[in-house]
Each structure stands twice: as C-alpha cells, then as structure tokens.
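Hi,

Here is the structure I promised you. Have a look at it first, and then read my notes below.

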Amino acid sequence: MQLVKTQRDTLLRPLQIVSGIVERRHTLPILANILIRKDGEKVSFLSTDIEVQITTHAEVGSGSEVTATTVAARKLLDILRALPDSGEVTVTLANKRLTVQSGKSRFALQTLAAEEFPTVAQAEHYNAQVTLPQKTLKHLFNMVHFSMAQQDIRYYLNGLLLVVEGKNVIAVATDGHRLAFCQVATEQEFPRQEVIIPRKTIIELQRLLEENDDPVQLEIANNQVKLTFADIELISKLVEGKFPDYTRVVPKGYKNNFTIGREQLLRSLQRAAIMTSDKFKGVRWVVAPGSLKISSTNADQEEAVEELEIDYGGDSVDIGFNVTYLLDVLNNLKGDFVNIALGDANSSALITIPDNADFKYVVMPMRI
C-alpha cells in the first residue's frame, strides 16, 4: 500500500518537527519510532517519550486508504536527509516493512504495530486558555531558560514556572544560584494559574516556535499543558512540586546601582573568563565611585584585570560572581544597556533593563 508520494523536502519537514524528542536509547523499543497515520491525503506524524508528545500533519498522502504504522524515527530521518534535495519520494507499506524509494535508491525498514504505540492521554478539562503570538512566547522562554536547573535533586527546579495572572503571563526559572523572571502583557484576563513545565519541553518549544506573529494557543490543565501552533500540537506532562516564592528572592531597595553598556560589560567578562579554571569560574568585582574593576585568577597565579568607567557614586563594593551566570544573561539580553543593583559582598545582585520592569535577573554572590 502506498502511503506517501511527495517531494523530499515536503516529507522531511514534519519528520524534523517530531523527531527532536525521540530518545536513541529507551526501555521501550517502540518509543524510538514515530507513529504515522494516513487518512487519504492527510498524514499525521506523532512522537512521544511518555512525558512529551508532538503531533504534526501534512497533505502528502497517496490514495484514499486509511492505515497506521510505526517506524524508526532516526533511520527514516537520516535516509531522507541523505537523499537528493529535489527528488520525489514514495513510501509504501507491505508485509510489516516500510519501503522508501527515490530515483534508483530504495530502503526497506522494519515496522512495529501502531496499536502498541503508547500515546499520551489528553486532559479532559483545561483550566485556562491563553493565546499569544509565537514570537512573544519564544521571547518569554528565551529570557529565562538559561536559569533552569539540570538534573537537580530538587526536581521542581528542572523546569520553568509559568504563571498566568490577570493580564500577565510570567515565566520564572532558577537553579538555586540565580533566578530569571520575565513577563508579558496580554489582552485577555485570567484567574491565577501556576504550572512547572519540564526542561525538555521548554528546549523543544524554543526549537519549534517561530519568530512571527502567528498565534499559539496554550491550554493549562492540572497535570499537563497543551500548545497548538501552525500545524503542530505539543502535549507535555507537568512537573509536580512547589516552586520557590520568586517574589521573595528579588531584592528591593538597593541604593548602589549603575547602568553600563551590555556589550562592553559582556566583552570584559568574556576576557576575564579566559583566566578562570574549569572548576572555579569566579570573577571579582570591585565597584567604586566612577569605576568597575573586574579581575580573575587561576591556580597557576595567572591574572586578568579589566577596568571600566561607570557613572556611579555609591558605596564601594567588593563582590565575587560565577562568570558563567553573568555571561548567560548578557548573551540572552538584546538591549544596549543593563542596570546593576548591589547590596554588599554577601547580598544577591539584581540585573535589569533600564526603564523596563518586565525582566529581572538575580544572581547570588560567590566567595572569591
């Protein structure tokens, strides 16, 4: 039975969309496969790792038959990538084998029954529905994703807190050493909803969301979140647990603050980072009226010193930071200037964008 007949690129795109979450090694062999469902010309492609599920559709079907099968995602993707760009591809199913043919190239792949494929059950009821432009949601994730924890024993930190409240959609991430907060305003108004979206889901969404104004519908249930945009549907389980109260972490009322060029500070920190060691990423800041001195040393007694002029008349502050945490935020911000607010050597620093209350970044000091 012929499933698909189309141009190679037309088939490659939906496969690239769904293949991102497919694990190479899995306890369930069928999870290395994607589920292909054909209903006439409509063909859907579905992948899951039990926690996240992605579905997309394409009008690439051949013939009027209705059928479904599963096949190894990586092999099928690698075959299509290796075929000539402009070639026509046909995919047929017979005797539990999927045959991919283009020109004089032919590949026969094993399949597993579609009935055995474990799809994620959709929630019966969603508590909130939010519609945002794709680029707005992508911006929200981009501004905080770098602060998510990785494989932390405090599992609720291995993800992003999404809060819907009033007319605001808020994203917060922290690994216990730094915290990023970003919010966007919407036209809609919502009762408060608070969910933790897993790290893997956020990274996948950053890959899939486009920089355009096309809408993405975000639906929140008690145990899952569903996002629908373009011809993609993504369903993800949520992380259970209580996220830290981010409002208590953000310092208020610091008198020692200054504004500095983002690019200028970024370049100085990148140079200072060269002299840090892999194990110890510390840089020392000495802030005094009119100047910011950044220095770093390593076990070989090597040293880097950077001096920057700043418009500052506050107290002298001698404080240490993990340089990676500072580089992460400066690389992800797009503005020309950043504002740095400091307490003392033992207090968190607050990095914000001048005249913009929608972004905050808190970074803990480290002992140098």
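The notes below cover a pair of helices and some salt bridges.

This is a predicted model, in which local features need pLDDT of at least 70, side-chain atom pairs count only at pLDDT 80 or more, and totals for chains, interfaces and linings use all residues. Residues are numbered from 1 along each chain as its sequence is written, and side-chain values use heavy atoms, with hydrogens and water left out.

Start with helix H2 (residues 73-82); helices are DSSP runs of H or I with at least four residues, strands are E runs of at least two, and both are numbered from the N terminus. Its buried residues are Ala73, Leu76, Leu77, Ile79 and Leu80, where buried means under 20% relative accessible area, exposed over 50%, and partly exposed in between (1.4 Å probe, protein chains only). They sit on the same side of H2, because they cover an arc of only 160° around the axis, taken from the directions from the helix axis to the C-beta atoms. The face turned away from that buried side carries the exposed Lys75 and Ala82.

Now the salt bridges: a side-chain nitrogen of Lys or Arg lies within 4 Å of a carboxyl oxygen of Asp or Glu. The whole structure has 20 of them. In one, the closest N and O atoms of Arg13 and Asp231 are 3.8 Å apart. That pair links distant parts of the chain, 218 residues apart. Glu263 bridges to Arg262 (3.6 Å, N to O) and also to Arg267, at 2.4 Å. Arg262 counts as buried at 13% relative accessibility, while Glu263 is partly exposed at 36%.

Enjoy exploring!

Technical notes. Axes fitted to C-alpha atoms, helices over the stretch in contact; angles between N-to-C directions.
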